[in-house]
Amino acid sequence: MSTHYQFEDRLGVVAKASDFSIGLRYLHYSNAGFKRPNPSLDFISLSFAKRF
């Protein structure tokens, strides 16, 4: 990344049932435009958890 300072935005949702849950999360990292270039990183994750 082009600077020492990076900022993170997160957005996520979780759906829960009695014995499992499903989650979807989006993460974005960038230097908020302080310096060019501003190559950002984007991540999308999906999770599943089951109770035993």
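A salt bridge here is a side-chain nitrogen of Lys or Arg within 4 Å of a carboxyl oxygen of Asp or Glu. The model is predicted. The exercises below start from that cut-off.

**Exercise 1. Salt bridges**

Task: State how many salt bridges the whole structure holds, and check each pair against the cut-off.

Solution. 
- Step 1. A search of the whole structure returns two salt bridges.
- Step 2. Take D19 and K50. Their closest N and O atoms lie 3.6 Å apart. The limit is 4 Å, so the pair D19 and K50 counts as a salt bridge.
- Step 3. Take E8 and R10. Here the closest N and O atoms are 2.2 Å apart. This pair also forms a salt bridge.

**Exercise 2. What the D19 and K50 pair connects**

Task: Locate D19 and K50 in the fold, and give their separation in sequence.

Solution. 
- Step 1. The protein has zero helices and three strands. Along the sequence the pattern reads β-β-β.
- Step 2. D19 forms its salt bridge with K50. D19 sits in the loop between β1 (7-16) and β2 (20-30), while K50 belongs to strand β3 (residues 41-50).
- Step 3. The two parts are 31 residues apart in sequence, so the pair ties them together across that separation.

**Exercise 3. Exposure of the paired residues**

Solution. 
- Step 1. Set the limits: buried is under 20% relative accessible area, exposed is over 50%, and partly exposed lies in between.

**Exercise 4. Overall shape and surface**

Task: Compare the radius of gyration of the protein with that of a compact globule of 52 residues. Then describe the box and the surface.

Solution. 
- Step 1. A compact globule of 52 residues would come near 10 Å, but the protein has 16 Å.
- Step 2. Along the principal axes, the C-alpha atoms fill a box of roughly 50 × 15 × 15 Å.
- Step 3. Of the 52 residues, 12% count as buried. The protein exposes about 4600 Å², and carbon and sulfur atoms supply 61% of that area.

**Exercise 5. Contacts and charge**

Task: Give the share of contacts that join residues at least 24 apart, and the distance between the charge centres.

Solution. 
- Step 1. Consider contacts between residues at least 6 apart in sequence. Of these, 39% join residues at least 24 apart.
- Step 2. Count side chains: 7 are positive and 4 are negative.
- Step 3. The centres of the two sets lie 4 Å apart.

Note on methods. Residues are numbered from 1 along each chain as its sequence is written. This is a predicted model: local features need pLDDT of at least 70, side-chain atom pairs count only at pLDDT 80 or more; totals for chains, interfaces and linings use all residues. Side-chain values use heavy atoms; hydrogens and water are left out. Helices (H or I, at least four residues) and strands (E, at least two) are DSSP runs, numbered from the N terminus. The radius of gyration is taken over C-alpha atoms; the globule rule is 2.2 Å times the number of residues to the power 0.38. Buried means under 20% relative accessible area, exposed over 50%, partly exposed in between (1.4 Å probe, protein chains only). Contact means heavy atoms within 4.5 Å. Accessible areas come from the Shrake-Rupley method with a 1.4 Å probe; for residues, only the protein chains shown count as cover. Lys and Arg count as positive and Asp and Glu as negative; His and the chain ends are not counted. The place of a charge is taken as NZ of Lys, CZ of Arg, CG of Asp or CD of Glu.
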